[in-house]
Amino acid sequence: MEHKLTGQLYSGNDLAWRSKDKMHDLKVGFCETCGFHHAYPYPDNEFLSSYYSQYVIPFPLHQEEMYRFAGIVRSIMRPDSSIIDIGCGKGEMLRALREKGLNNLYGTEFGSMYDTSKKLEFATILPYDITQLCKWSSDKSKTFDCTVLINVFEHVPEPVSLMRQLKSIISPGGTLIFCVPNDFNRLQLIYLNKTKQKPWFLSLPDHLIFFNLDTIDSVMTKAGYEIVRKTVQYPLELFLLQGDDYISEPEKGRICHEKRIAFENSFRETGAESDLEQLYEGFTGMGIGRDMYIIAKPILQSNKNPA
């Protein structure tokens, strides 16, 4: 596929590299071909395999958000629905799903965390990447009612191709639910224009893909899915615009997090959690929210021939 990056391009000192090695020719920009921001040229498999061989998730979902996501899954699934968490890490989300009453759980992990996740007694952990998982699914004639990916798509080159591939493991009528960052969102851009800071979320080679709420609909349509629901996490960038600059002053990060939790707990402790969910779904129409949760279903292909 030929990629054409347009608009403002980020390279060199604009980018934060988490790996020892850097790709000095890599740039990040909006791709007219793909319809979203991404890095290019993509690192090759050898580069990424070396990086992820000792990978540790830098910012996992915090506990409250983990249980919120699990609750969203539970709200649309039966207790015996088959659910697979792709890239399950140490099994934190699988534990949250289990505590929400879901009991037919699978996970995949082929990285350094497999040795931990495979010890889970209540879930079947498969040591496969997605290509291997799709082959296993075909060989076993096994599909899943719900396929979950927490912060996966932003790490992989050509994510639309991956989304198409995943359709083969989703049961008829099944659901894809995933979490990805909402990057280049409106609050981030206001902050960057105001402060002239470097875009802190361009963390390579950890993140190669930068979806947002303005681009995700067309992405899912290209991949062959229909979005049935969108919601977001608390828009942390509000703090940046209120003077709590946790980017320039990282020590403020913990304080901002605690304020965010206090805000959300005010709803939970007063029986108004549905109002909180309504608020966060409303934020999607404004394009704001730190990470977004997308619930989608594969679009069924008609077998009818045109008249």
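User: How many bridges join strand β3 to strand β4?
Analyst: Five bridges join β3 (residues 27–31) to β4 (residues 36–40), and the two strands run antiparallel. Strands here are DSSP runs of E with at least two residues, helices are runs of H or I with at least four residues, and both are numbered from the N terminus. Two strands count as paired if DSSP finds at least two bridges between them.

User: Before I go on, what kind of model is this?
Analyst: This is a predicted model: local features need pLDDT of at least 70, side-chain atom pairs count only at pLDDT 80 or more, and totals for chains, interfaces and linings use all residues. Residues are numbered from 1 along each chain as its sequence is written, and side-chain values use heavy atoms, with hydrogens and water left out.

User: Where do side chains point in a regular strand?
Analyst: In a regular strand they alternate between the two faces of the sheet.

User: OK, the sheet of seven strands. What is its order?
Analyst: β7-β6-β5-β8-β9-β13-β12, again an open sheet, with mixed pairing. β7 (123–126) and β12 (225–232) are at the edges with a single partner strand each, so one side of each has no neighbour in the sheet. From one strand to the next, the twist averages 20°. Axes are lines fitted to C-alpha atoms, for helices over the stretch in contact, and angles between N-to-C directions run from 0 to 180 degrees.

User: How many bridges pair β12 and β13?
Analyst: Seven, in the antiparallel sense, with β13 covering residues 291–298. Among the partners, T231 goes with Y293 in β13.

User: Which strands do α6 and α8 lie across?
Analyst: α6 (residues 159–166) lies across β5 (82–86), β8 (144–150), β9 (170–181) and β12, running at about 150° to β9. α8 (residues 216–223) lies across β9, β12 and β13, at about 150° to β12. Contact means heavy atoms within 4.5 Å.

User: Now helix on helix. At what angle do α2 and α3 pack?
Analyst: About 55°, with the axes of α2 and α3 (residues 92–99) 9 Å apart. α2 and α3 are therefore oblique to each other. Angles under 35 degrees count as roughly parallel, over 145 as roughly antiparallel, 65 to 115 as roughly perpendicular, and the rest as oblique.

User: Which residues make that contact?
Analyst: M66, Y67, F69, A70 and V73 of α2, and E92, M93, A96, L97 and E99 of α3. By class, eight are nonpolar, none polar and two charged. Nonpolar covers Ala, Val, Leu, Ile, Met, Phe, Trp, Tyr, Cys and Pro; charged covers Asp, Glu, Lys and Arg; the others, Gly among them, count as polar.

User: How do the axes of α2 and α10 cross?
Analyst: At roughly 45°, coming within 11 Å, where α2 is residues 63–76 and α10 is residues 253–268. That makes α2 oblique to α10. E64, E65 and R68 in α2 meet R260, I261, E264 and R268 in α10. The classes in this contact are one nonpolar, no polar and six charged residues.

User: And what about α10 with α11?
Analyst: α10 and α11 (residues 273–284) pack at about 130°, with axes 7 Å apart. The contact is made by F263, E264, F267 and R268 of α10 and E273, D275, L276, L279 and Y280 of α11. Five of these residues are nonpolar, none polar and four charged.

User: Last one: how many helices and strands in the chain?
Analyst: The chain has 11 helices and 13 strands.
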